[in-house]
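Here is a short briefing on one protein model. Please look over the sequence and the structure before reading on.

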Amino acid sequence: MAVVYQKSKMLTDAPLHYCPGCTHGIIHKLVAEVIEELGVEGQTIGVAPVGCAVMAYDYFACDMVEAPHGRAPAVATGIKRVHPQNVVFTYQGDGDLAAIGTAETVHAATRGENITIIFVNNAIYGMTGGQMAPTTMPGQVTQTSPYGRDPHAAGYPVRICEMLSTLDGVAYAERVTVESIPNIRKAKAAIKKAFTAQIEKKGFSIVEVLSTCPTNWGLTPVEALDWLRTNMIPYYPLGVYKDKTAEGVY
């Protein structure tokens, strides 16, 4: 019998703990498939975050290291410098990367560290109860902004891809989403390009994935997908923000 579809061997058989409708599972699948398709299974090292994806070390069938909150880029930097032949990636949410880990992210990027970051942006703190995050949009209701985020009191959201694209050390930065089949395919292509940039020693690469959080948004899974399309994509436009992968090694 012909095999039509099978789970990537880069994913373990551990049941995912994510809430129904959360797109972390889709993103895990794409990362795993890319690692397998690039043939770097035996040389890949992942760095897990603090947040909803804290148990990523149970799901990816490669060596995984657990980093302190926000410090995944620093940990990945150390791993990559000691083992430059390995492919090193971090998998981080917006609370981890864009809040407590902002400094580590920015400085790893500006140094051009040859690592790959998968950044999952659902515009809210997921694991700790749904507080306002650095990526929470103006007017968005959270547990700590019950009347909607007021930029006059809380400031404006951080647009990570736009910010990092200004840094010379960044080789590749793209924002994608996984709320539809066409966009899932585009997201996989972006993740593959980011890993390829590292393999070719181009420098720092990041893929930002707009994701859902039905539980903390107070929506059903289907409603959450619609909310992402209606609210997040207009505020966080999809697309390539920097691409130096066609240039030589630097």
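Where does Ala123 lie? Ala123 sits in the loop between strand S4 (116-121) and helix H5 (151-154). The model is predicted.

**Positive phi values**

- Ala123 has a phi near 65 degrees, a positive value in a residue other than glycine.
- Ala123 counts as buried because its relative accessibility is 0%, and the cut-off for buried is under 20%.
- Lys201 is not a glycine either, yet its phi is positive, about 60 degrees.
- Lys201 is found in the loop between helix H7 (181-199) and S6.
- Gly112 follows H4 and has a positive phi, near 70 degrees.

- Strand S1 (residues 44-48) is largely enclosed by the rest of the structure, because five of its five residues are buried.
- Both faces of S1 are covered. Thr44, Gly46 and Ala48 are buried on one side. Ile45 and Val47 are buried on the other.
- S1 runs parallel to strand S3 (residues 87-93), and four bridges join the two.
- In S3, Val87 stands opposite Thr44.
- S1 also pairs with strand S2 (residues 63-66), in the parallel sense and over four bridges.
- Asp63 of S2 is the bridge partner of Ile45.

**Helix H4 against helix H2**

- Helix H2 (residues 72-82) packs with helix H4 (residues 102-110) at an angle of about 40 degrees. Their axes are 7 Å apart.
- H2 contributes Pro73, Ala74 and Thr77 to the contact. H4 contributes Glu104, Thr105 and Ala108.
- By class, this contact of H2 with H4 has three nonpolar, two polar and one charged residues.

**The buried side of H4**

- Which residues of H4 are buried? They are Glu104, Thr105, Ala108 and Ala109.
- These residues lie on the same side of H4, because they cover an arc of only 125 degrees around the axis.
- The cover over the buried residues of H4 includes H2, helix H3 (94-100) and helix H6 (160-164). Strand S5 (170-177) and strand S6 (204-210) are also part of that cover.

Notes:
Residues are numbered from 1 along each chain as its sequence is written. This is a predicted model: local features need pLDDT of at least 70, side-chain atom pairs count only at pLDDT 80 or more; totals for chains, interfaces and linings use all residues. Side-chain values use heavy atoms; hydrogens and water are left out. Axes are lines fitted to C-alpha atoms, for helices over the stretch in contact, and angles run from 0 to 180 degrees between N-to-C directions. Contact means heavy atoms within 4.5 Å. Ala, Val, Leu, Ile, Met, Phe, Trp, Tyr, Cys and Pro count as nonpolar, Asp, Glu, Lys and Arg as charged, and the others, Gly among them, as polar. Buried means under 20% relative accessible area, exposed over 50%, partly exposed in between (1.4 Å probe, protein chains only). Two strands pair if DSSP finds at least two bridges between them. The arc is that of the directions from the helix axis to the C-beta atoms.
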